[in-house]
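Please look at the sequence and the three-dimensional structure shown here, and keep both in view while you read.

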Amino acid sequence: MLSWIKRLLQKMQSVEKKSVRPVAWSALAGFLEELEHIGEAHEEIYDTQVRELLWEIVDGYLLKQTHDLNIPTELGMFSPDANETLKAVLERELPILKKVFDAFDLDTEAKRNTSFFNPQLQTESGRYVDDFFGHP
C-alpha cells in the first residue's frame, strides 16, 4: 500500500511539473501569442518595416512612456484588414501591459526594458520579443 502511495505522489509531481506554465506565461507572453496568431495569416508582421513601426509604438508608449497610445491606421501590413487587426490588438493589449508594469512597480525605463526583453519570454512555438519588434 505504501509503495502505491509513493508511485501516485511521484506521478502527481510529474504531471504537476509538466502542467506548470513557464515563467514567460504572462500578459506580455499573451501579447506575443496574439501577434504570432496574426502572423499565421499575415507573414508580413515579421517584415522589417512592420517590426520597426511596432517598436516605435511600444518604445514610446510602454517603455519610455513619453506619449499616449497613438496607433496609425497604416502599420505596414499588406491589406487594410491586416492593418486593422494588428491595430486592434495593439489598442487592446498595450494598455493592459502598461497596467501590469505599473502593478509590478516597473517605474523606470530600465526596469520596463528588462521585463520586456526577458530572454525566457517566448511564445509556445518559440518566438521571442525580437521576432516582433525591430529595436536598435
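Predicted model: local features only at pLDDT ≥ 70, side-chain atom pairs only at ≥ 80, totals over all residues.

Residues are numbered from 1 along each chain as its sequence is written, and side-chain values use heavy atoms, with hydrogens and water left out.

We can begin with two helices, where helices (H or I, at least four residues) and strands (E, at least two) are DSSP runs numbered from the N terminus. Helix α2 covers residues 27-41 and helix α4 covers residues 80-103, and their axes come within 10 Å of each other and cross at roughly 175 degrees. An axis here is a line fitted to C-alpha atoms, for helices over the stretch in contact, and the angle between N-to-C directions runs from 0 to 180 degrees. Angles under 35 degrees count as roughly parallel, over 145 as roughly antiparallel, 65 to 115 as roughly perpendicular, and the rest as oblique. The helices α2 and α4 are therefore roughly antiparallel to each other.

Which residues of α2 and α4 meet? On the α2 side they are Ala27, Leu28, Phe31, Glu34, Leu35 and Ile38, and on the α4 side they are Thr85, Leu86, Val89, Leu90, Arg92, Glu93, Leu94, Leu97 and Val100, where contact means heavy atoms within 4.5 Å. Sorted by class, this contact of α2 with α4 has 11 nonpolar, one polar and three charged residues. In that sorting, Ala, Val, Leu, Ile, Met, Phe, Trp, Tyr, Cys and Pro count as nonpolar, Asp, Glu, Lys and Arg as charged, and the others, Gly among them, as polar.

Charged residues lead on to the salt bridges, of which the structure holds six; a salt bridge is a side-chain nitrogen of Lys or Arg within 4 Å of a carboxyl oxygen of Asp or Glu. Glu34, Arg92 and Glu93 are linked in a network of salt bridges, and within it the side chains of Arg92 and Glu93 meet at 3.1 Å, N to O. To describe how open such residues are, we call a residue buried under 20% relative accessible area, exposed over 50%, and partly exposed in between (1.4 Å probe, protein chains only). Arg92 is partly exposed at 40%, whereas Glu93 is buried at 11%. Another salt bridge joins the side chains of Asp59 and Lys64 at 3.2 Å, N to O; Asp59 counts as buried at 12%, while Lys64 is partly exposed at 39%. Asp107 and Lys111 also form a salt bridge, with their closest N and O atoms 2.9 Å apart, and here Asp107 is exposed at 55% and Lys111 is partly exposed at 40%.

We now turn to the aromatic rings. A search of the whole structure finds five aromatic pairs, and the rings of Phe, Tyr and Trp (its six-membered ring) pair if their centres lie within 6.5 Å, with planes under 30 degrees apart counted as stacked, over 60 as edge-to-face and the rest as tilted. Tyr46 and Phe132 form a tilted pair, 5.5 Å from centre to centre and with 40 degrees between the planes. This pair links distant parts of the chain, since Tyr46 is in the loop between α2 and α3 and Phe132 is in the segment after α5, 86 residues apart. Phe132 is buried, with a relative accessible area of 0%. Trp55 and Phe117 form a tilted pair at 5.7 Å and 45 degrees, which joins helix α3 to the segment after α5 across 62 residues. Trp55 is buried at 11%, whereas Phe117 is partly exposed at 25%. Phe31, Trp55, Phe116, Phe117 and Phe133 form one aromatic cluster, and Phe31 is also among the α2 residues that meet α4.

Gln65, in the loop between α3 (48-63) and α4, has a positive phi of about 55 degrees although it is not a glycine, and Gln65 is partly exposed at 27%. Asp105, in the loop between α4 and α5 (109-116), has a positive phi near 55 degrees and is likewise a residue other than glycine, but Asp105 is exposed at 57%.
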